[in-house]
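The following paragraphs go through a complex, from the confidence of the prediction to the arrangement of its parts. Please keep the sequence and the structure in view while reading.

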Amino acid sequence: MAELDDAETFETEVDATVHEEARLGFVRRYIFSTDHKVIGIQYILTGLLMAVVGTLLAALIRLQLGWPAHQWTLVGRLLPGGMSDGVMTPEFYLALVTMHGTIMVFFFISYVLVSGFGNYLIPLQVGARDMAYPFLNMLSYWLALVSALVMLGSFFVTGGAAAAGWTSYPPLSAVASAVPGSGWGQTLWILSMALFIASFTMGSLNFVATIFSLRARGMAMMRMPLTVWSFFIAAIVGLLAFPPLTAAAVMLLFDRHFGTSFFLPSGLVVANQLLPHQGGSPLLWQHLFWFLGHPEVYVLILPALGIACDILPVFTRKPPFGYRIQVYCLIAVGALGMVVWGHHMFVSGMSPFSGEYFTLATMLITIPMTIFGVNMMASLWGGRLRVTTPMLFTLGVIALFGSGGLGGLFLGNATADMQLHDTYFVVGHFHFMIGGVTLLGTFAGLYFWFPKMFGRSMSELFGKVHFWLTFIPFFTVFFMQHFLGLQGMPRRYYAFTTYEYLQRTSGQNLIISIAALTLMAAQLVFIANFCWSLRKGRKAEANPWRATTLEWTVDSPPPHGNFGRALPVVHRWPYEYSLEGSDNDYTPQIVSPRQAPVTA
Amino acid sequence: MAMAHTPPSKRSVEALLVGLLFGFTGVLGVLYGARTWLPPLASKHGAGIDAMLMYLLVSVGTLFLIGHIALGALIWRAARQSRITHRLTPARTEWAVSAALGLLMALVAEGGVLAIGLPVWSEYFAATPPADAVLVEVTGQQFTWNVRYPGADGAFGRTDPRLIDDASNPIGIERSDPAAADDVTSVNEIAVPVNRPVRVRLRSKDMVHSFFLPHLRVKQDAVPGMTIEIVFVPTREGTFEIACTQLCGLGHYRMQGFLHVVPESEFRRWMREQSGGS
Amino acid sequence: MISSSTSLQVPQTGTGRESAHRDDLVQLGVWMFLATVVMLFAAFTSAYIIRRSGSDWVPIELPRLLWLNTAALVASSLALEGGRLASRKGKGSATRLGLTAAAGLGIVFLAGQISAWHTLVARGVYVPTSPHSSFFYILTATHGVHVVAGLVLLVYTVTRTWNYGVHLDRGAPARLITASATFWHFLAALWLYVFLLVSVF
């Protein structure tokens with residue numbers, strides 16, 4: 001009885017909120033909104049804008065490396081600060097490298113893939129009306145926006161943006177006279193990161209709480225889509241791994257501005273000046289940074305893999321291979337990812353014994369990762385493939401995940417890493433993984449859920465053109481960079497022309513630059529498609545892909561409160577395709593066992 | 001959806017292209033990769049590192065090729081099917097396949113590490129330097145490598161950062177220390193005799209630098225506040241470039257040094273010249 | 001794999017909680033937030049231990065006042081626990097008294113911490129004086145920021161109890177009191193840990 005009463009009161013509450021929503025003005029509905037869908041889309045749009053900035057920075061980097069010392073008069077006129085006579089200055093180059101990495105990792109991939117899709121999809125896919133803490137969610141977005149603006153603003157302060165790399169190793173990041181960007185640019189970088197972490201922590205709290213306690217009736221953990229599982233693991237990893245960087249950032253800020261010596265040792269002489277610092281340890285920063293930095297990789301890549309796993313069954317019309325095993329793999333990767341940070345530090349001067357431990361532990365991660373990747377491929381077996389744009393990008397995710405993962409076998413191995421550390425092999429590797437898997441995963445997700453988000457479909461033709469023009473140049477650029485690394489080309493070099501042994505790489509660098517610029521130009525196809533489809537795309541039905549998860553059971557776009565008067569009741573797992581004894585080749589999660597048998 | 005009703009033949013043209021895309025990615029990748037190799041080897045322990053890399057290139061290259069061709073083939077097959085031929089796999093088979101894969105990867109990855117990698121690694125780090133090793137101290141600085149030999153007495157003079165003056169005394173040697181009297185210094189130039197072990201004592205006076213000898217497969221960060229010692233044996237005469245591989249500031253890309261590996265006699269002559277000059 | 005027999009009943013898994021009350025979620029949120037705080041201080045601790053081995057470590061003399069502050073915070077925790085127990089028995093005025101006292105003692109603690117800083121500054125011990133003092137200032141400041149957050153939650157709870165009473169059937173204040181108590185006790189324990197770290201190690 002008590003339960004019934006509860007439900008009734010709640011229904012009136014829902015009605016009240018729906019009506020209240022209708023009364024809200026434009027600002028509360030679309031700007032300062034607490035609706036998870038609006039917040040998700042806000043994150044996605046902000047992230048995409050940041051991606052445009054990050055891409056332009058990459059274009060400048062490739063101009064410099066493809067055509068060293070060439071005078072780009074026109075670009076010079078646009079950027080009088082960094083390329084006054086059309087030739088890039090080294091300080092501008094280092095700022096570009098640092099900001100490209102920071103923006104893409106934290107402000108593009110994190111925002112779009114994790115915060116954007118996470119916010120949009122989690123309540124819809126677990127059958128909740130909103131996130132657990134809607135107000136905190138709104139706060140999270142606005143903090144994130146401020147964080148992004150602070151980071152962009154750092155380009156315009158004296159000395160320019162931070163130039164110590166996205167890893168910000170001290171003393172370079174701690175001593176203002178070490179490099180021009182180590183002035184206010186670096187301080188703003190630290191502040192922006194602190195805001196980012198605060199915002200991301202709020203988001204992660206929401207993810208975990210929502211998945212934990214707001215699942216619809218019948219939505220057992222083992223009936224959640226892999227997308228939700230991947231957000232769940234990513235959020236837990238984020239919650240545990242990010243605070244240590246906050247601690248490190250606080251200490252770095254104190255070293256910079258209040259004369260402490262956490263990371264600065266005695267006897268530093270910079271620009272012929274003896275610094276007063278005493279006894280700090282630069283390696284301490286590296287440990288704290290990578291304790292965040294490595295798990296962050298999994299925070300970004302797991303959602304891309306989860307999304308890929310969920311798109312596969314839709315376009316093969318069959319359940320995935322090894323759903324449970326995939327879940328266990330995600331958990332294993334999340335857990336192992338927390339204890340392998342030292343493989344970024346094999347040649348840092350830490351004890352060689354730690355190197356041995358970190359090698360063996362890192363190699364363990366290849367086991368769940370391989371199982372995960374091959375299971376994705378095995379999901380194609382026996383299916384009936386529909387080649388659509390989201391599916392193309394999903395297949396691209398599988399290919400890049402395999403290729404990038406195999407590259408990890410080199411870098412996780414201390415002996416091989418001695419030669420490859422901080423060369424372009426590393427650049428190629430992480431662009432395949434946190435660059436490529438996540439980028440293609442983002443596109444797969446955008447093409448797939450665009451109809452749900454905006455009520456219109458994106459053009460398939462332009463989507464496919466976009467895929468071909470993205471995958472081929474992307475693979476070329478970063479595959480070739482692996483081999484530049486093998487030839488010994490160090491990363492973060494303003495020019496490689498000083499070195500005799502690198503002379504023969506200039507041709508390869510030119511090809512890479514041309515491919516990279518092609519890749520960037522190809523994204524115009526996406527932008528055009530996106531903008532055009534927003535206004536003129538074909539109207540989307542509730543379930544255009546004939547998929548089974550809960551978000552497809554409601555209108556496109558879903559109404560406020562998501563599920564109308566009553567929350568859905570879940571009767572089956574999310575992959576009920578081509579079920580024998582069912583009329584359709586798909587059976588949504590809400591279809592009761594009386595209408596169709598239940599697989600799991 | 002209109003697409004669902006497209007006849008298989010029409011669907012398969014596009015799928016064929018996609019399948020070929022991934023298949024070719026695998027084949028072309030291996031062909032391209034097979035053409036590339038490291039800068040020619042010039043050190044003893046480097047042979048071990050090269051063996052590790054070779055093992056990885058072959059094993060990983062094989063997996064890369066098989067994986068991409070399999071992906072292409074699976075796409076091609078799945079696109080031609082007009083119905084689902086295989087819906088669910090029994091849990092037991094899924095576990096068996098996954099366990100087999102896990103075991104295979106464990107064997108390839110951990111096996112390679114245990115059989116080739118760690119022995120090379122521990123030999124490199126655990127090696128006690130022989131008595132006849134050449135001792136060199138290298139101190140990184142924005143953007144030069146300060147090189148010092150202990151001279152005939154085999155002992156370095158004390159240093160004090162308070163004495164540092166970039167023009168006259170870049171690493172702050174205490175001239176009053178008797179051990180400092182015969183110290184030999186140079187900038188960006190290291191000479192060592194061929195086939196004799198070299199002990200490099202790495203220090204830094206400002207940023208984290210990294211001492212990279214691509215031909216000798218040597219890479220070690222130079223961290224301010226720490227003295228890190230590495231030992232290697234050059235096996236080939238010639239001049240080899242030293243690059244910095246840890247971002248250290250504006251001139252990071254031109255922080256270039258040279259390691260001259262020369263016959264024993266020429267090494268002695270070089271040392272005499274340097275000490276006469278300083 | 002098909003197990004239709006068991007699945008034919010209405011599934012009971014999943015929470016299916018239409019109206020998971022906000023205050024219920026607050027408790028879960030507090031636990032997760034505390035996990036992040038643990039990680040934050042774990043990072044500071046590891047930095048402390050590594051830095052402790054440096055040759056330039058000169059211990060500073062900590063102000064005696066810290067003992068008084070500790071007593072205030074522990075007393076605050078006890079008062080809050082008293083108030084919480086009273087709320088479970090439905091004793092309105094005892095609850096309000098306990099909670100208000102807890103918040104008041106929390107403010108005393110904060111004032112005491114600031115006063116301890118003044119003592120150190122008066123002795124010429126600043127943030128960069130020694131790594132020990134750097135850690136002392138940073139750890140107490142970080143802890144203090146969390147205490148401020150805890151106070152906000154506590155004051156909010158106190159207002160709720162004044163406005164709505166503590167009747168169990170209304171549910172909300174009881175759960176809210178539990179959540180703020182969890183957070184507040186944790187902060188007291190965290191302070192004992194920080195105090196131990198900076199005075200013993």
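pLDDT is the predictor's confidence in each residue, on a scale from 0 to 100. The model shown here is predicted. For the complex, the predictor gives an ipTM of 0.94 and a pTM of 0.93. Chain C has a mean pLDDT of 84, and 84% of its residues reach 70 or more. Residues 1-19 of chain C have a pLDDT below 50, although this stretch has 41 contacts in the model beyond near neighbours in sequence. Where pLDDT is low, the predicted coordinates should not be read in detail.

Next comes the contact between two of the chains. On one side are 86 residues of chain B, and on the other 89 residues of chain A. The elements of chain B that each supply at least two residues to the side touching chain A are the helices α1 (8-34), α2 (46-80) and α3 (91-126) and the strands β6 (209-213), β7 (218-222) and β9 (238-244). By residue class, this side of chain B divides into 48 nonpolar, 22 polar and 16 charged residues.

Strands β6, β7 and β9 of chain B also belong to an open sheet of five strands, whose order is β4-β10-β9-β6-β7 and whose pairing is mixed. At the edges of the sheet stand β4 (189-193) and β7 of chain B; each has a single partner strand, so one side of each is left without a neighbour in the sheet. On average, and with direction ignored, neighbouring strands of this sheet are turned by 20 degrees against each other. The partner of β4(B) is strand β10 (residues 257-262) of chain B; the two run parallel and are joined by five bridges. Within this pair, A191(B) has H260(B) of β10(B) as its bridge partner.

In chain A, a pair of packed helices can be followed. Two packed helices are described by the angle between their axes and the distance between the axes. Helix α5 (residues 90-126) of chain A packs against helix α7 (residues 184-213) of chain A at an angle of about 20 degrees, and their axes are 10 Å apart. Angles under 35 degrees count as roughly parallel, and α5(A) and α7(A) are therefore roughly parallel to each other. Their crossing is left-handed. From α5(A), the contact is made by F106(A), S110(A), S115(A), G118(A), I122(A), P123(A) and V126(A), and from α7(A) by F196(A), F200(A), G203(A), F207(A), T210(A) and I211(A). The residues of this contact divide into eight nonpolar, five polar and no charged.

Conventions:
Residues numbered from 1 in each chain as written. Chains lettered and ligands numbered in written order. Predicted model: local features only at pLDDT ≥ 70, side-chain atom pairs only at ≥ 80, totals over all residues. Axes fitted to C-alpha atoms, helices over the stretch in contact; angles between N-to-C directions. Helix = DSSP H or I, 4+ residues; strand = E, 2+ residues; numbered from the N terminus. Parallel < 35°, antiparallel > 145°, perpendicular 65-115°, else oblique. Left-handed = near helix turned anticlockwise from the far one by under 90°. Contact = placed C-beta atoms within 7 Å. Nonpolar A, V, L, I, M, F, W, Y, C, P; charged D, E, K, R; others polar. Pairing = 2+ DSSP bridges.
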